[in-house]
Amino acid sequence: MNKILVGLIWGLILGAIDGATAGFYPETRNLMAGIMVGSSIKGMLVGLLSGWFARKVRSTKWGIALGAAFGLLFAFLVAAMQHAHYLEIMMPGFITGAIIGFLTQRLGEPESARL
Amino acid sequence: MGGPHGQFPSTQLSLLEAASSGATLPNEALERVSALYWKPVYRFIRVKFRKNNEDAKDLTQSFFAAALQRDLFARFDPAKASFRTYLRMAVERFAANQHAAANRQKRGGGIEFEPVEEPAVTAESPEQVFEREWQRQLFALALDDLHAYCEGFGKQLQFEIFEAYDLAGGDRPSYAGLAARHGVAETSVTNYLAWARRMLRQFVTERLRGVTAGERDLRGEMRRLWT
Amino acid sequence: MDLNDAVLDHLRHVAALPDVTGTRYELESEIGRGGMGVVYAARDRQLDRRVALKILDSALAGEAQLIAHLEHPAIVPIYETGRLPDGRAFYAMKLVAGARLDHYLDGAPSLGERLRVIRRIGEALAFAHARGVIHRDLKPQNVMVGEFGEVYVMDWGVEAVAGTPAFRAPDARLNQRSDVYALGALLQCMFPGTAPPALCAIADKAMQADPAARYPDAPAFLADIERFQEGLAVEAWSEPLWHRLRRFASRNAVLLWLLAAYAGVKFLVFFLRTP
C-alpha cells in the first residue's frame, strides 16, 4: 500500500485512540462522540500530509519532525476553537503526530518502488 | 674432482650429443661421468659385493678404465632406462665378472679365503645406496660450482649466508640472527637464500644434463630428484 | 664438500623450484603447499605482473578447469593453464595480496566485519553450487582476505587431505551439505569465545551430524545470517521470551520511545491539571 494510505489509516486509528483518552476527564465524557470524530479527522489530516511527505523524502528523523509539527498545528487549531484545554490537546497531539510521521516513513511503499 | 669453473653454468652437452660424433665419448664427457659416479659406484661395490676399502677402490678404477675402452656408453639405450640405472647395472655385471674370475683363479690355486669383509653398514639396499650417493655427489659438485661462481662474481656474502643456513649440520640459525651477524636486513637474508637456491638448482640441472642422454632422461631424473 | 643425509634432504627440498622454461613465467618463491600441488609467486613476463602459479603434482589440470568458468568476485580468477617441461600441469591465477583467514582473524576484526566475510564465502559457495561445483575442502587456510577487504575462496574441488578433520562433515559424501557443514565450522571458528547465541545456533544447525538436519544449501545459511544482522528471529534458534522482547525493543526503539512519550505526556497533563 502506498504511504498516503498508510498515513490515513494510522492517522485514523491513532487519532481515534487519542480522542478516546479524553474519556479520562470527567467533564468531557458527554462530548466523546464529537471528540473522537474530530480527533480522528485530525489524525487523518496529519497522516495524509505525513504520508505525502514520506513519498518524497526518506528520512525517519524528518518524518517524525514534520508529523509532530502537523500534529501540533492541528491540535492547536482544535484547542483554539474551544479556547480551552490547550495543554491537554496540544501535547498529546504533538506526540501523536510524531508517531504518525514515524509510521509513514517506516511502512508502505515509497514512490520509487513503482517503476 | 669437479673442477670449479667461475662462470655462469654453461649448458652442458648431453651424453647423446657428446657421443654423436662417434661411438666413443670424448674425454671431457667421460670425466664428467666419472666425477659424478665415482663415489656412488665405489659405495655400491662396497655394499653389494662386500669388498673392503682397497678392493672396492681398485674395482671402481678398473670399471671406469674398462668403460672407457669398451664403448660402454655407446650401447646405452635411453628408451629402456635412465643412464644412472644403466651404469649401475653395468657396474654389477663388471664386478660380478671380476668376482667370478677371481674365484676361478683361487679355486685353481691354493687356499681359498674370502676377502676381509666388513658388514654392510647400511640398512638400505645396494641400489638405494647407489642412488643416495649419486644424489649426494651431484649436489656436492653443484655446490662446488656454486661456490666457485660466487667467488668469481663477488657474491661471497650470499654464499656465506647460504652456507650458514642451508648447509648447517645441526640447528639452523634464525634469519634474524644471520641478518645481525652479517650486517644486512632480514629481507636480504630471504632474498639471498632464494637466489642461492635458484642458482644451486641451475647448477644441479647442468651437472645432470652432462650425464644424461637427452631431454627425456634429464626430465625423468629431475622429477625423481625433486619429489 | 661432504653432505650428510639431513643436509642433502634439506637442499633437495629448498632447491626444488620447478623448471618453467617454455612458459611466460618466472618463479619467485614458494608461497604454499596445499591440495594437489604447490603454489608459487611468479612474474608474468609478457604482462609484467605478478601472479600465483599453482603446479600440480599430477598431469591433470584438476581444479583449474573446474573453476575457470566461474566468474565471481570471491572466486580467484584463472588466467592460464599449461604444462611444464617435466609434464606437470600448472595454472596461473590472480596473486591475492592479503592474509589467510586464520591470520586475518588474529587482527580481531569487528562482528560486522566477520559476518561480512562469512557472507562473502557463503555467496561464493552458493554461486558455485548453482553451477554444480562443490568445494569439498573449505577451511580457514583456503580463504584469503585481500588488502581491500575482498574475500577469496581457493582450492576448489580438491578432496580434503587428512589433516582438516575439524571442517569435514562426519558423513562420507561430499556434496552441498558437506560444504554447508564446513561453512558452519568456519562460522564457529570466526567467533572463538563468546558469540551471540543466535550465531552459535546457526553454526550448530549447519554442523548437524545428520545432513538432513542442516541447512539444505548455502543460501539458506546466508538467509539466517542476514536475519540475525537485521535483528530478526533466526530460524536455527528458538529464542526465549525475554530475548525476543529485547530484540523487539531494540528493533522498534524509536516507536517505543514515542509511545512512552505519549503516555508520559498524558499522565503529566492529567496530573498537572487535576487540582
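1. Chain A has four helices and zero strands (DSSP runs, H or I of at least four residues for helices, E of at least two for strands, numbered from the N terminus). From the N terminus, the order is α-α-α-α. This is a predicted model, in which local features need pLDDT of at least 70 and side-chain atom pairs count only at pLDDT 80 or more, while totals for chains, interfaces and linings use all residues. Residues are numbered from 1 along each chain as its sequence is written, with chains lettered from A and ligands numbered from 1 in the order in which they are written.

2. Of the 115 residues in chain A, 47% are buried (20 or more other C-beta atoms within 10 Å of the residue's own, with C-beta atoms placed from the backbone).

3. The largest nonpolar core has 61 residues (buried Ala, Val, Leu, Ile, Met, Phe, Trp, Tyr and Cys joined through C-beta atoms within 7 Å). Helix α5 of chain C, residues 176–190, gives the most to this core: eight residues. Among the residues with the most contacts inside the core is Leu183(C). Beyond four places in sequence, Leu183(C) has contacts including Ile121(C), Ala206(C) and Phe221(C) (C-beta atoms, placed from the backbone, within 7 Å).

4. Helix α5 of chain B covers residues 126–152. Its span from first C-alpha to last is 39 Å, close to the 39 Å expected at 1.5 Å a residue (1.5 Å times one less than the number of residues). Just after this helix, Gly154(B) takes a positive phi of about 65°.

5. Chain B has a mean pLDDT of 79, with 78% of its residues at 70 or more (pLDDT is the predictor's confidence in each residue, from 0 to 100). Residues 1–7 of chain B fall below 50.

Methods
Buried ≥ 20, exposed ≤ 12 C-beta atoms within 10 Å, placed from the backbone. Contact = placed C-beta atoms within 7 Å.
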